[in-house]
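Keep the sequence and the model side by side as you read.

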Amino acid sequence: MPNQVEQKLIQPLFDALQKERFVTLSTVDFETGGPNVSAISWILAKTDEKIYFAVDNRSRIVQNIQKNNQVVVNIIVNESTYSISGEASVKMEKINDVPLKLALIEISIKEVRDVMFYGSKITVEPEYDKTYDKAAATRLDNQVMDAMRKA
């Protein structure tokens with residue numbers, strides 16, 4: 001039986017995207033036209049139909065989105081793997097109240113799919129550790145997430 005396709009975030013995905021977390025983002029490379037995958041962590045579900053994320057405003061991700069706005073966010077949560085497809089746009093070229101030059105990107109969700117292979121579940125979600133100054137990392141993470149919530 002095929003998985004159901006949703007047009008917006010289901011509640012476990014919305015809840016998971018209320019804090020910084022590891023996800024991968026797929027864009028179309030502006031030079032080659034091929035796929036480009038990046039790991040990001042500053043991501044927030046603004047509504048069940050909109051996702052925000054922040055990246056350095058000189059990032060290849062920004063250039064890719066400006067050329068082709070089709071994106072996919074891959075997230076591992078709720079014992080499964082989900083593909084969230086949509087159209088991205090640069091909402092702000094520089095987020096206020098953040099010391100880095102970060103762009104705020106908005107994704108309008110078009111499709112949410114459970115893409116986990118049949119008969120399996122995720123038993124441990126991915127974890128990561130910041131390898132630079134922990135206090136500085138926490139301060140910056142809080143600034144970025146708060147700025148996205150206010151945007």
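The buried residues of α2 are I61, V62, N64 and I65; buried means under 20% relative accessible area, exposed over 50%, and partly exposed in between, with a 1.4 Å probe and protein chains only. They cover an arc of only 160 degrees around the axis, so they sit on the same side of α2. That arc is taken from the directions that run from the helix axis to the C-beta atoms. An α-helix has 3.6 residues a turn, so residues three or four places apart point the same way. On the other side of α2, Q66 and K67 are exposed. Helices (H or I, at least four residues) and strands (E, at least two) are DSSP runs, numbered from the N terminus.

This is a predicted model, in which local features need pLDDT of at least 70, side-chain atom pairs count only at pLDDT 80 or more, and totals for chains, interfaces and linings use all residues. Residues are numbered from 1 along each chain as its sequence is written, and side-chain values use heavy atoms, with hydrogens and water left out.

What covers the buried side of α2? The cover of its buried residues includes β2 (23-28), β3 (35-40), β5, β6, β7 and β8; contact means heavy atoms within 4.5 Å. The N-terminal end of α2 is capped by S59, with a side-chain oxygen 3.0 Å from the backbone nitrogen of I61. A polar contact is a pair of N or O atoms within 3.5 Å; within protein, one must be able to donate a hydrogen and the other to accept it, and residues adjacent in sequence count only if both atoms are side-chain atoms.

Look next at N64, in helix α2 (residues 60-67). N64 counts as buried because its relative accessibility is 0%. A polar atom of its side chain lies 2.8 Å from the backbone nitrogen of F30. Leaving aside residues up to four places away in sequence, N64 touches T27, V28, D29, F30 and N36.

Now turn to α3. Its 17 residues (134-150) should span 24 Å at 1.5 Å a residue, and its end C-alpha atoms are 24 Å apart, which agrees; the expected span is 1.5 Å times one less than the number of residues. Buried in α3 are A137, L140, D141, V144, M145, A147 and M148. Their arc is only 160 degrees around the axis, which puts them on the same side of α3. They pack against β4 (43-45), β5 (50-56) and β8 (102-114). The face turned away from that buried side carries the exposed residues R139 and K150. At the start of α3, a side-chain oxygen of D133 comes to within 2.9 Å of the backbone nitrogen of A135.

Two loop residues deserve a look. Most residues other than glycine have a negative phi. N78, in the loop between β6 (70-77) and β7 (80-92), has a positive phi near 60 degrees. N78 is partly exposed, at 37% relative accessibility. D97, in the loop between β7 and β8, also has a positive phi, near 65 degrees. D97 is exposed, with a relative accessible area of 64%.

Step back to the whole chain. There are three helices and eight strands, in the order β-α-β-β-β-β-α-β-β-β-α. Buried residues make up 42% of the 151 residues. Among contacts between residues at least 6 apart in sequence, 67% join residues at least 24 apart.
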